[in-house]
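Keep the sequence and the 3D view at hand as you read.

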Amino acid sequence: YTTGDLTVGYATNNSSSASALSASFTAGDLAITVEGADTGAAWDASAAYTMGASTVTVGTDEASATYVKVATSLNDITLSAKALDGDNELSVGYTMGDISLSYAYDEGDSNTADGDDAQTIFSVSYDLGGIVLKGQTNNVNEVQVSAAFTF
């Protein structure tokens, strides 16, 4: 439901009886968001302030994991950094015409249970107009090459 600058949402999953509630409010360049789920009493809250091409976000959750994130773009370069105790992240991207390069570092991704144990990922993509070729590698010597088609 949306009224003015306030949006409230509710979602449920019938197969697992899980539900979630969210609320967000925007006032000019400031956006405040609160989300919660009944599974594990999980919740997140954040406030983001946008200044031109840059956004500064602060947030926390039920585990008191407080973070600060800064994202900006300068012409063809995108930069993002997130500071969270033991889980700092950094990403840099550059686009020149149809070619995009990116590098991402995630301090907290080593030895995770979800199978994604890469801390660094370097990727290159080339858009041929309807076909995007992408190659990437990471610090655990995994290589992936893909092609995506758009019709």
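## Threonine 72 and its contacts

Which residues does threonine 72 touch, once its neighbours within four places in sequence are left aside? In this predicted model, they are Ala53, Ser54, Ile77, Thr78 and Leu79. With serine 54 there is also a polar contact between the two side chains, at 2.6 Å.

Is threonine 72 buried or exposed? Its relative accessible area is 18%, and buried means under 20%, so threonine 72 counts as buried. You will find threonine 72 in strand β7, which covers residues 67–74.

## Strand β7 and its partners

Strand β7 pairs with strand β6 (residues 54–61), and the two run antiparallel, joined by 5 bridges. To see one of these links, look at valine 58, whose bridge partner in β7 is valine 68. The strands β6 and β7 form a hairpin with 5 residues between them, and there serine 64 has a positive phi near 60 degrees.

Strand β7 also pairs with strand β8, made of residues 77–83; this pairing is antiparallel too, with 7 bridges. The hairpin of β7 and β8 has 2 residues between the strands, and asparagine 75 takes a positive phi near 55 degrees.

Strand β9 (residues 89–96) and strand β10 (residues 99–106) run antiparallel and are joined by 8 bridges. Valine 92 has tyrosine 103 as its bridge partner in β10. How many residues lie between β9 and β10 in their hairpin? There are 2, and glycine 97 in the turn has a positive phi of about 65 degrees.

Strand β10 has a further antiparallel pairing, with strand β11 (residues 120–127), over 7 bridges. Isoleucine 99 takes part in it, with tyrosine 126 in β11 as its bridge partner.

## Valine 8

Valine 8 is partly exposed, since its relative accessible area of 34% falls between the 20% limit for buried and the 50% limit for exposed.

Not counting residues up to four places away in sequence, valine 8 touches Tyr1, Leu21, Ser22 and Ala23. For a sense of distance, the C-alpha atoms of valine 8 and phenylalanine 25 are separated by 8.9 Å, while the two residues are 17 apart along the chain.

## The whole protein

Stepping back, the secondary structure of the protein consists of 13 strands and 0 helices. Its radius of gyration is 19 Å, well over the 15 Å from the globule rule for 151 residues, so the protein is more spread out than a compact globule. The C-alpha trace spans about 40 × 40 × 40 Å along its principal axes.

What share of the 151 residues is buried? Buried residues make up 12%, and threonine 72 is one of them. The accessible surface comes to about 10,000 Å², with 57% of it belonging to carbon and sulfur atoms. Finally, consider the contacts with a separation of 6 or more: residues 24 or more positions apart account for 4% of these.

Key: Residues numbered from 1 in each chain as written. Predicted model: local features only at pLDDT ≥ 70, side-chain atom pairs only at ≥ 80, totals over all residues. Heavy atoms only, no water. Helix = DSSP H or I, 4+ residues; strand = E, 2+ residues; numbered from the N terminus. Buried < 20%, exposed > 50% of the residue type's maximum accessible area, 1.4 Å probe, protein only. Polar contact = N/O pair within 3.5 Å; in protein donor to acceptor, adjacent residues only side chain to side chain. Contact = heavy atoms within 4.5 Å. Pairing = 2+ DSSP bridges. Rg over C-alpha atoms; globule rule 2.2 N^0.38 Å. Areas by Shrake-Rupley, 256 points an atom, 1.4 Å probe, with all protein chains shown as cover.
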